Amino acid sequence: GGLIKEKLTVAIKRRSRVPGVMITQFVEEIPQGKSTPDFTRKPFALTVQEGKLAFFKCMVSGVPTPQITWARSQGPLEDPVKYVSRYDKIMEEYIIEIPNVTAEQADTYKCFATNEFGKAVCTAKLNVIEGEKQIDLGHQDESLKLNCVHFVVRTKPQLKKEEGKIDPKFWEVLLSSPRMDYEKVCMEYGVKDFRWMLKQLNLKKKEREEEQAKVVEKLENLKQIEVKTDGSAEFELDMVLKDPESQVLLYKDGINVAYSDNGSGKHNLKKIGQKYTFSINDLIPDDAGLYQVDVEDATCFSTDFKIIPVEFIVKIQDVKVKEREDAIFECVLSQAFPKILWTGNNVPLEQGDKFDIKISEDHLIHRLKVKNCEQVDSGVYTAMASIASCSACLVVEAKDYQNTLGKKDRKSTMVGGGGLATIAADWATINAEKSGNQQDEHDLSATKCAQAEKDISGGEVPTAGVTAAVTGARKGVGNSSLHPILEENNINSGLSDIFATRGKQAELVCNISHEVDGAWFKDGKKLFSMDGLTIVKDGTSHKLIIHNCRDDDTGGYHFEAEGFKSEAKITVGANFDADNLHKFSKPVTVKAGQNASWKMSYTPQDNLKVKWFKEGKELMDGGGVKLVKEANHSRLLLRECLRSDVGQIKIQLTNPYGTIEATSRLIVLDKPGPPEGPVKILETTSTLIELQWGAPMDDGGSPVTNYIIERQQVGQTIWKEIGNVTADKTTYKDMNVVHGKLYIYKIYAVNPEGTSDALQTKKTMAGVMIFANPPGAPKVVDVSNKCINLKWDPPKDDGGITIIGYQLEKRKKDTTRWIALNPVTEPIKVLEYAVKDVVEGAEYEFRISAICISGAGEFSPPSVMVCVKNPNKKPFFKVPVDYMLIRAGNSVRMKVLYEAEPPPVITWLKDDEPISSFIQIINTEGCSQLVIPSSKRTDSGIYTIVAKNKIGEASFNIEVLVTDEPNAPGEVALEQIVHGKVIVSWEASPDQKLDNRLHYMVAEHNSETRIWHTVADRIFSNSFTAHNILTGREYHYKIYAKNDMGISDPSVSPTWGANSNKISVYTNAPVAVSFERPPSVLVPLKVHSTPTGYQLYMTCAIRGCPAPTVTWHLNDVCINGDSNYYITNSYGVCSIYILRVQPKDAGEYKVVAVNSFGKAECSTRLVVKGMALNICTSIQCFFVLIWIPFCFLKRHYH
């Protein structure tokens, strides 16, 4: 114990290799095999919207395993509802989740990893977007104090796809893609008309380049977004800004995203020279979307980031092999994925001599084979599919050559791969031992995995119980073998089978562990150096060189020395005809819209692979490409060629003797591109405008012959051809102009194939510009917290110039910069304007200028300085919901929006009483929420929100009904008073008193039809009279309780009829029956809650004989004679009707029934809601009850 105390007194601080991680070491010397904690991946900064899920993830290392704790700079993390921390065993990640994040939770969060030898700590910032504002932590000092800065989140119009039209994202992505990716983008978005697409794209490019030219001097090298080996995503572009102070903005799906310039945030920008690299760290599915880079208001780059939701069901496993053995990594995905990314020590791996990558036919199983492993191949190998990844280690041990004689040269070691069948079999064995035939929910079928293994390996699969190390031979080794003679001799590398080309040199090499003499043999005959054959011995290396291979050189060769023998086979064959390759190299020239074709002839041969390429990209059959491979030739057809198809066409032929390539070129003749702009105005006077332009960048494959110039006067619609010059001239003087008029010119290039699209100039004035006088100073009409309304007077003297509009500018107090609120090209046509681009609490002044045909003139004097704030306003609720139905156990959330200035004091009441302390109240600006995490039936009632400030007070009622599926009714009884009718009665459901909307349904079954059918529904009493009861049949009844949540289990009646409960046969003899009884209430009054101005209809049912006298009372005052109420009594159904409910009608209503035998009464309560609704049609509620008065039964019976 004393030793531990001494160790704890040490505090050695050092930095981790991971930036931003600080490690404190508790002991001076760390025991062997132990280590201090460290972060292998630290949490990244987050920016999320209020109400969404925020989470931080990290991975740690250390022996013993560190304990992880979380903290924040301001405030505790003890609330288990707001902060949920957990450990993901599969991904080995520590996670803290913040559900329904709020603005108050924006902070700097710390993560501590601690064990007995030290502690590691790192931090991450959480930014929360709140409505139209974002809480941004900005930069913090070492004390990690929180500085919150609010700024308005900029947005741009959402790109939504309309039915039957092309997704607008298609054009945004295409505008930022290189030409070689056009076909890929078109296939992704389902666009098939390439010619139409290119025409539209050229128009959109022209518009986009005009916007970009205002803020950017150069924009090139645009690279679309892609996932990197470190789990992040990047896209980049080269850009030179005209104004270095211009804002560079990043948008995701039209919403401005904050980014960091130091690499510590969720979104980051790294700028080196003119290269801008944007990155997204800690990828999650929500990161998918359209990302756009804007400079000021001009879009410069767009990329669509798509994330496929895929997971690793079986991950790659660690592999340990010896030198010259093959190692195999294999994984299984949750869904089909065409190609995953393999990396070794963070370096991407591709198919080749060193690595063999295979995929099963269903694209679920992916395999990486590392061939002929060496110690430099050791390291971490990673498989990445979309944003999911898994890693494993490869350990390559030095080979013990003393013990390798008599064994095959190499073997393949597989874990989790040619081990998939083995893993499945092992799982089945383990689960069988544990629980008989039961299987774990994560177990894989051994048979299915073995078949998938066989599909991608092309051979047999080891069965359960066979080791995962499978012996094999590297591709190309063939049947080479090593036959030991003396155990003390070793071989470093044996002979390998080769394919040699006729007329070319071939070479066999054998390396021995020590210097020794040996001999070469062909088909059993010893070989010697001679013409065309050379045997070379260089130390331990022995070579056999055939200088000019012939067909008779094909055969079996072996090399023998004093202790071993190595064999190989040489196969000599022909390659390809040089004449055919030369013919193929001739260019193919076609006109735009025509088809282009190529043909390569060759001698028929087996194992020939043919690939076609265009500008380095492999061509596939489909769309506008047609590929044909015959026994003696291969053909390529490109349909309806466009000018953009111009480029290199290459064919690659591969057989066992080698690979050869031949290239040709496609030339497409078309009309030229537009002349190069922008057009320069060399001179403008009252009688002359001189233009200059550049030759087209694309002449269409034919020389330009001449240029055509057209002109339009601004304000007119007619274009007129005014000139035609030869191709050697790129200037033109327009001598027919009028001083002060504006003109627009179009210039066309012409070649033998047609006329180009036009190069259009901006508006150009002939002569000196004349501007209008300044208008009057702007005047402030109205001010709120979001808008300032202005108006102004036109110039007193316009000088005879036509004013086409106005330009308005604003200046914020304590700044010198004036900001235009509208461009000159979009003048304000009226003498007033609503300025909405303002910040609450700031002060502004404004100035205005008149715009004429020459442009904007001199500005007016500035307006008075005005502060942006709200006028005083009485609280007002924004049409909230006034009724809520909630299932018991669910949460209740009442959200009420309001407007008020100054901010009001909010109070919540339940049934006019203060609410319970267990109910949560969340108040934010303009919004108040009442939250009941887990509701009970007792939470039903009238909830009132009261907002009060110094201007006034407002309130609103919300009726909440908390209920659940009802319990079944009680015991059912049957009684027959009248022949042919049975009274079915039952005990009330236990929920009847708790739910005023509960009612009953009756189903009947008789022995004749033998089916159940509903005979009555929406019964609010506890009895029902069944009709048409026939003698000799058995009847059964089921009673169900129903409410808004559902229906209960039935209560079943006893059997009625046939052999039970018979009554005497009806005769004409009189029977003395007395129906006299005191009054009783059959159907009581229900509670009502009605808005002011609505109609109301209340009913109840009374029985008694003789018929009782019925009176209505409101708050114990008789209202039978009040003309405001329409009261009726029809055979015991007592009703009261109120045409238009007023607040004075609220209170307790009571019905009193009296006859000579007694008295009965029932009461209810009417709640009148305060808000009146202006609607055209009133709603009248009727409660229908059918009953038969006993006095009427008496008369009918007799």
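Visitor: How many salt bridges does a search of the whole structure find?
Guide: The search finds 42 salt bridges. Please bear in mind that the model is predicted.

Visitor: Which residue forms a salt bridge with K322?
Guide: The partner of K322 is E397, and the closest N and O atoms are 3.6 Å apart. This pair links distant parts of the chain, since E397 belongs to strand β29 (residues 388-397) and K322 to strand β22 (residues 319-322), 75 residues apart.

Visitor: Buried or exposed, for R367 and E330?
Guide: Both residues are buried. Each therefore has a relative accessible area under 20%.

Visitor: Moving on, where do K779 and D793 lie?
Guide: Their side chains meet in a salt bridge, with an N to O distance of 3.9 Å. K779 lies in strand β59 (residues 779-783), whereas D793 is in the loop between β60 (788-791) and β61 (805-812); the pair links distant parts of the chain, 14 residues apart.

Visitor: How accessible are they?
Guide: K779 is partly exposed, with a relative accessible area of 46%. D793 is also partly exposed, at 43% relative accessibility.

Visitor: Which residues do salt bridges that share partners join into one network?
Guide: The network consists of K223, E236, D238 and K275.

Visitor: Now the surface. Which residues gather in a patch of negative charge?
Guide: The patch of negative charge on the surface comprises E207, E209, E210 and E211. One of these residues, E209, is placed in helix α4 (residues 194-213).

Visitor: Why would E209 count as partly exposed?
Guide: E209 counts as partly exposed because its relative accessible area is 48%, which falls between the 20% and 50% limits.

Visitor: What does UniProt list for residues 198-228?
Guide: An unreviewed UniProt entry lists these residues as "coiled-coil region". In the model, the span is 52% helix and 39% strand, and its end C-alpha atoms lie 31 Å apart.

Visitor: Which residues form a patch of positive charge?
Guide: K599, K626, R635 and R639 gather in a patch of positive charge on the surface. Among them, R639 is located in the loop between β47 (633-638) and β48 (647-655). R639 is partly exposed, at 39% relative accessibility.

Visitor: What separation do the C-alpha atoms of Q335 and V310 have?
Guide: The C-alpha atoms of Q335 and V310 are separated by 6.1 Å, and the two residues are 25 residues apart along the chain.

Definitions and conventions: Residues are numbered from 1 along each chain as its sequence is written. This is a predicted model: local features need pLDDT of at least 70, side-chain atom pairs count only at pLDDT 80 or more; totals for chains, interfaces and linings use all residues. Side-chain values use heavy atoms; hydrogens and water are left out. Patches are made of residues with over 30% relative accessible area and no salt bridge: like charges are joined within 9 Å, nonpolar side chains (Val, Leu, Ile, Met, Phe, Trp, Tyr) within 5 Å. Accessible areas come from the Shrake-Rupley method with a 1.4 Å probe; for residues, only the protein chains shown count as cover. A salt bridge is a side-chain nitrogen of Lys or Arg within 4 Å of a carboxyl oxygen of Asp or Glu. Lys and Arg count as positive and Asp and Glu as negative; His and the chain ends are not counted. The place of a charge is taken as NZ of Lys, CZ of Arg, CG of Asp or CD of Glu. Helices (H or I, at least four residues) and strands (E, at least two) are DSSP runs, numbered from the N terminus. Buried means under 20% relative accessible area, exposed over 50%, partly exposed in between (1.4 Å probe, protein chains only). UniProt positions are given in the numbering used here, feature names are shortened, and annotations may be inferred rather than shown by experiment.
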